[in-house]
Structure formats: structure tokens, C-alpha cells
Amino acid sequence: MNIYSATVTLFLVMDPLGNIPIFLSLLGPVAPKRRTQIILRENGIAFVILTLFLFFGKAILHGLQISEQALSIAGGIILFLIALKMLFPSSARYAATEINEDEPFIVPMAIPLLAGPSAMATVILLSSQDPQQLGYWFISLVLASLLATLTLLFAVPLQRLLGAKVIGAFERLMGMILTTIAVQMFLSGLTLYFKSVN
């Protein structure tokens, strides 16, 4: 995996386009001027969390005695399930998460919408499979986080310009791309496993 494919994968698993309706519903009661600050803050928190998992992911794996092969196979399965949800979204997903008058903080915007289990598993997988390229993976995470932040900052005009149907179509297209990445990750894990056995 190179910087480009890692950036695309991280952007897809963070799924900012799919999160637009949820973010808008959560930020509905918040003053428009404050929304930008909240989006920047929550994306920043998500970035810090994913960075911690990127740099300390291998230590976590060793501590839990999880092999790279198992993580690759599990990561492929998780990404595949996420891709299926992107391809076939349920209406319940877009139902507004309980709207409170208080502004959201960390949960649910930073975690689990942006820095969810799939994103955490992806950065751990990247750092454990090729630790020599850790600097490249960090650049990929920075780029993916910037793209996700820009997407969410332009959430309102994007939804007005494109409409819910077009955004849904984009998400399905991303789901198809993520499906192929997930299958490749699963096959790579199987290949590593059979090599280790033989």
C-alpha cells in the first residue's frame, strides 16, 4: 500500500460524506458561527486519537498477542462490512442521533463517527504491516483528516448543491472502492498466514 491508497482508504473509513446528514442533525441547534469551530475541534480530536493508534498500534498488538495476519484478515472483514453498509445504507443510520441543546463534544462526532473502530483498526494495520513507512502513513492520515475536515466544513452547501440522492450515490461509489480494498487486505492476510504456516 502506498501513500495514495492509504489516504483513500483512511478517507473512506472515516466516511465524511456519509456522516454529513448526521453532523447536520447534531449541529442543528448550534449557532451557525459556532458550527465551524465545533467541526474543527472534533476533527482535531479524531486526528489525535488516530495518531496515537498509528504510533502505538504495534505495541497494542504485541500486548494483546495479535498477529499481523490476524489483524489483516480482521481488518479486511471489518472494512468489507463497512463497505456493505455504504453500498446498502439503512434509513436508521440517517435518523437523527438524539439532538441535545448542548453542543456535541467528542462523542459521537469525533468518536465513533470519525475515529471509529474501523479507522483505528486501519491505522494499526498500516503501522504494523510496514513500520518502516510510518512517516508516510502519518502523511496519509494528515491528508485524509484534512479532506474529511473540508468535506464536513462544506457540509451545508454540499447538501444544498448536490442533494441527499447525489451524496448517497457518491457514498455508494466509495463503498464499491472500499470493497475492493477490503478484499485485497483479506487476501494479503491469508497469503501471510499460509506463508507462515509453510
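View 1. Met174 counts as buried because its relative accessibility is 14%, where buried means under 20% relative accessible area, exposed over 50% and partly exposed in between, with a 1.4 Å probe and protein chains only. The residue is found in helix α9, helices being DSSP runs of H or I with at least four residues, numbered from the N terminus. Once neighbours within four places in sequence are left aside, Met174 is in contact with Phe11, Leu12, Leu17 and Met86, contact being heavy atoms within 4.5 Å. The model shown is predicted, so that local features need pLDDT of at least 70 and side-chain atom pairs count only at pLDDT 80 or more, whereas totals for chains, interfaces and linings use all residues. Residues are numbered from 1 along each chain as its sequence is written, and side-chain values use heavy atoms, with hydrogens and water left out.

**View 2. Leu178 and the largest nonpolar core.** Of the 50 residues in the largest nonpolar core, Leu50 and Leu178 touch the most other members; such a core is a set of buried Ala, Val, Leu, Ile, Met, Phe, Trp, Tyr and Cys residues joined through side-chain atoms within 4.5 Å. Helix α3 gives the most to this core, with 8 residues. Apart from neighbours within four places in sequence, Leu178 is in contact with Leu12, Val13, Leu79, Ile82, Ala83 and Met86.

**View 3. The bend in helix α9.** Helix α9 bends by about 95° at Gly163, the bend being the angle between axes fitted to the seven residues ending there and the seven starting there. Between its end C-alpha atoms α9 spans only 48 Å, while a straight helix of 43 residues would span 63 Å at 1.5 Å a residue, the expected span being 1.5 Å times one less than the number of residues.

Conventions. Helix = DSSP H or I, 4+ residues; strand = E, 2+ residues; numbered from the N terminus.
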